[in-house]
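Have the viewer open while you read.

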Amino acid sequence: MFHQIWAALLYLYGILLNSIYQCPEHSQLTTEGLDGKEFPEPHLGRWYFIAGAAPTKEELATFDPVDNIVFNMAVGSAPMQLQLRATIRTKNGLCAPRKWIYHLSEGSTDLRTEGRPDMKTKLFSSTCPGGIMLKETGQGYQRFLLYNRSPHPPENCVEEFQSLTSCLDFKAFLLTPRNQETCELSSN
């Protein structure tokens with residue numbers, strides 16, 4: 001009897017503790033976008049990579065040499081496709097262009113990267129003006145990435161992102177320096 005009462009008390013304590021220290025929730029974006037516009041229209045155009053978070057530093061290592069990244073999201077050449085172009089400015093000043101094609105799923109904002117069947121990208125809203133969060137998962141990694149329409153969003157946006165991801169046990173954090181000029185995006 002004593003053990004059952006003790007177990008019940010511990011269970012109630014756990015529920016209370018969880019409700020006090022629960023991570024804030026960020027909703028996954030739906031196909032009904034901003035201002036009633038259908039996904040992906042509100043998310044097309046220029047984006048700047050601001051920060052990343054992951055459970056370990058190794059999952060962010062690909063961004064260690066980066067000073068800044070600017071992306072352009074456009075409608076792809078086929079239905080249910082998005083084309084993502086980027087230019088990466090490395091810390092040593094070099095520019096590296098990149099291209100990806102994302103495939104959309106009907107009625108979902110989940111993105112699949114062409115040529116990377118293991119990679120899955122989910123889009124999440126951000127309370128930061130002009131901001132969006134992505135969660136990438138692939139073989140051996142998972143990470144949250146913060147993007148913004150401005151290369152220098154308000155500092156509290158980055159703090160909020162770091163706080164949220166830390167609460168979700170993504171302890172490794174990377175902030176891009178963004179000290180150098182961005183590279184020009186190619187048109188093709």
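R178 counts as buried, because its relative accessibility is 13% and the cut-off for buried is under 20%. You'll find R178 in the segment after β9. Its phi is near 50 degrees, which is positive although the residue isn't glycine. Keep in mind that this is a predicted model, so that angle comes from predicted coordinates.

M80 is another non-glycine residue with a positive phi, in this case near 65 degrees. M80 sits in the loop between β2 and β3, and with a relative accessible area of 35% it is partly exposed. The loop between β2 and β3 also holds S77. At 79% relative accessible area, S77 is exposed.

Now for the overall layout. The protein has two helices and nine strands, and from the N terminus on the order is α-β-β-β-β-β-β-β-β-α-β. Out of 188 residues, 40% count as buried. If you take contacts between residues at least 6 apart in sequence, 55% of them join residues at least 24 apart.

Helix α2 covers residues 155–167, so 13 residues in total, and it reaches 18 Å from the first C-alpha to the last, close to the 18 Å expected at 1.5 Å a residue. Which residues of α2 are buried? They are C157, V158, F161, L164 and T165. These span an arc of only 130 degrees around the axis, which puts them on the same side of α2. The general rule behind this is simple: an α-helix has 3.6 residues a turn, so residues three or four places apart point the same way. The face turned away from the buried side of α2 carries E155 and N156, both exposed. As for what the buried residues of α2 pack against, the partners are β1 (45–54), β7 (131–138), β8 (141–148) and β9 (172–175). After α2 comes D169, with a positive phi near 75 degrees.

On to the largest pocket, which has a volume of about 480 Å³. Its lining is made of 28 residues, and those nearest its centre are F63, F71, W100, E136 and Y147. Elements giving two or more residues to this lining are β2 (66–75), β3 (81–90), β4 (95–104), β6 (116–125), β7 and β8.

E136, one of the residues nearest the pocket centre, is in strand β7. With 6% relative accessibility, E136 counts as buried. Setting aside neighbours within four places in sequence, E136 is in contact with Y102, M119, K120, T121, Y141, Q142, R143 and L145.

M119, from that contact list, belongs to strand β6 and is buried at a relative accessible area of 5%. Residues up to four places away in sequence left out, M119 touches L111, R112, T113, E136, T137, G138 and Y141.

What about the rings? The whole structure holds seven aromatic pairs. One of them is F49 with Y147: the ring centres are 5.5 Å apart and the planes meet at 45 degrees, so the pair is tilted. This pair links distant parts of the chain, as F49 is in strand β1 and Y147 in strand β8, 98 residues apart. F49 is buried at 1% relative accessibility, and Y147 is buried as well, at 8%. Both rings belong to one aromatic cluster made up of F49, F63, F71, W100 and Y147.

Here are some of the single-residue accessibilities side by side.

| Residue | Relative accessible area | State |
|---|---|---|
| F49 | 1% | buried |
| M119 | 5% | buried |
| E136 | 6% | buried |
| Y147 | 8% | buried |
| R178 | 13% | buried |
| M80 | 35% | partly exposed |
| S77 | 79% | exposed |

Terms used. Residues are numbered from 1 along each chain as its sequence is written. This is a predicted model: local features need pLDDT of at least 70, side-chain atom pairs count only at pLDDT 80 or more; totals for chains, interfaces and linings use all residues. Side-chain values use heavy atoms; hydrogens and water are left out. Helices (H or I, at least four residues) and strands (E, at least two) are DSSP runs, numbered from the N terminus. The expected span of a helix is 1.5 Å times one less than its number of residues. Buried means under 20% relative accessible area, exposed over 50%, partly exposed in between (1.4 Å probe, protein chains only). The arc is that of the directions from the helix axis to the C-beta atoms. Contact means heavy atoms within 4.5 Å. Rings of Phe, Tyr and Trp (its six-membered ring) pair if their centres lie within 6.5 Å; planes under 30 degrees apart count as stacked, over 60 as edge-to-face and the rest as tilted. On a 1 Å grid over the protein atoms alone, a cavity is a set of points where a 1.4 Å probe fits but cannot get out, and a pocket is an open set with protein on both sides within 12 Å along at least five of seven lines; lining residues have an atom within 4 Å of a point. Grid points are joined across faces, edges and corners, and a volume is the space filled by probe spheres set on the points.
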